[in-house]
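Biologist: I have a chain to go through with you. Could you walk me through the model?

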Amino acid sequence: MKRIIVILAALSVLAGCSAGPKDVDCVYIVNTHFQDEEKGPVAKAENVVGYIFYADTTEWKPASYDDAEAGVVTSSVSGRTRSYDLMSEPGNISGGLELGAITSTAVMAVVCFKDTRSYAYRRVPMEPGIGRLTVGLTFRTWKTTAPYTDSKWTVVGQTPPHTVNCTYLVATFTEEAQGGPDIPVTDGVGYAFYADASQWKVTSFENAMAGIISPQSGTGDLNYDIAGTLTADGKISIAGITRRRVMIVICDPESQCYAWRQATIDYNVPVVEDSFSFPLWAEGITVHYPATGWTAVGPPKPEPEPEPEPESEP
């Protein structure tokens with residue numbers, strides 16, 4: 001009987017151990033995105049690196065972008081610096097930026113977006129028994145205040161500031177035969193719209209000349225944001241573009257051809273040079289140029305000549 005009691009007591013102790021708290025062993029995944037314009041589209045941020053620190057954000061934080069990218073944080077109490085405990089693996093991050101396996105409950109995450117020299121950090125609430133934790137992070141590059149808070153992340157953006165203030169130059173030509181020689185156009189007209197060309201279109205030559213685009217679906221036309229001027233050598237110059245995504249519309253008054261495209265402006269680039277040949281051979285049809293992104297509408301078909309009236313009998 002005494003032996004049975006001892007065995008039962010031992011089993012009770014083992015059961016108590018197995019029911020105790022589990023160790024922390026978690027993979028932390030950050031889905032990183034960026035947004036260039038307020039209320040604009042959100043795209044995947046791929047050129048990123050991340051770190052895990054077994055540290056408290058009330059005391060530790062990156063002192064600069066360079067420190068954040070190097071995986072170094074500084075104590076606000078002592079001024080000491082320390083390096084990371086875990087670093088993200090380089091390579092494809094289509095499934096998210098993976099940081100792990102984390103084995104502590106006091107955790108701080110730091111993520112850098114190299115394209116804009118922005119970084120973000122946050123405390124990570126970590127508990128035993130969590131095997132995988134996924135969160136989101138969007139770098140809002142249009143924000144000029146730094147730091148700002150976004151979904152529990154403290155974000156320090158654009159270090160130094162990345163700006164867009166660009167002139168878009170288009171050299172225009174006409175092409176009488178497909179693949180034939182380019183003939184310069186010296187009186188072209190052009191406009192820039194802060195719009196997405198996948199959602200907007202040009203419906204007529206008259207609208208192209210007036211700087212008006214129409215939605216792909218629905219109603220409500222949109223007027224241009226910037227009108228182009230002509231340079232001394234006949235190029236269309238659209239100056240003062242301050243957003244990365246812009247729709248460019250150009251037209252040739254003589255042939256009544258017009259064209260448009262979506263352009264993405266790089267940061268800190270003062271001038272973008274482009275060129276386009278209006279397809280005079282494409283009478284009454286729309287031509288798409290996938291390699292350059294242009295869509296063009298050829299000149300109108302000539303009106304058919306009226307049938308000669310039959311001569312009256314004498």
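What follows is a talk about the strands, the cores and the surface of this chain.

Biologist: What kind of model is this, and how are residues numbered?

Modeller: This is a predicted model, in which local features need pLDDT of at least 70 and side-chain atom pairs count only at pLDDT 80 or more, while totals for chains, interfaces and linings use all residues. Residues are numbered from 1 along each chain as its sequence is written, and side-chain values use heavy atoms, with hydrogens and water left out.

Biologist: How many helices and strands does the chain have?

Modeller: There are three helices and 27 strands, taken as DSSP runs numbered from the N terminus (helices are H or I with at least four residues, strands are E with at least two).

Biologist: Which residues have the most contacts inside the largest nonpolar core?

Modeller: They are Tyr 28, Val 30, Ile 52, Ile 102, Leu 137, Phe 139 and Trp 153, in a core of 25 residues. A nonpolar core is a set of buried Ala, Val, Leu, Ile, Met, Phe, Trp, Tyr and Cys residues joined through side-chain atoms within 4.5 Å, where buried means under 20% relative accessible area with a 1.4 Å probe, protein chains only. Strands that each supply at least two residues of this core include E1 (26–35), E3 (48–53) and E11 (132–140).

Biologist: And what does Tyr 28 contact?

Modeller: Leaving aside neighbours within four places in sequence, Tyr 28 is in contact (heavy atoms within 4.5 Å) with residues including Ile 52, Glu 98, Arg 122 and Trp 153. A second, separate core of 22 residues includes Tyr 168, Ala 192, Ile 238 and Ile 241.

Biologist: Changing topic, in what order do E4, E5 and E6 sit?

Modeller: They form an open, antiparallel sheet in the order E4-E5-E6, with strands counted as paired if DSSP finds at least two bridges between them. E4 (60–61) and E6 (81–83) stand at the edges with a single partner strand each, so one side of each is left without a neighbour in the sheet. Two bridges join E4 to E5 (residues 72–75), and Lys 61 stands opposite Thr 74.

Biologist: Which strands form a hairpin?

Modeller: E26 and E27 do, with four residues between them, and Gly 293 in the turn has a positive phi of about 90°. Their antiparallel pairing runs over four bridges, with Val 297 as the bridge partner of Thr 286.

Biologist: How much of the chain is buried?

Modeller: Buried residues make up 41% of the 314 residues.

Methods. Buried < 20%, exposed > 50% of the residue type's maximum accessible area, 1.4 Å probe, protein only.
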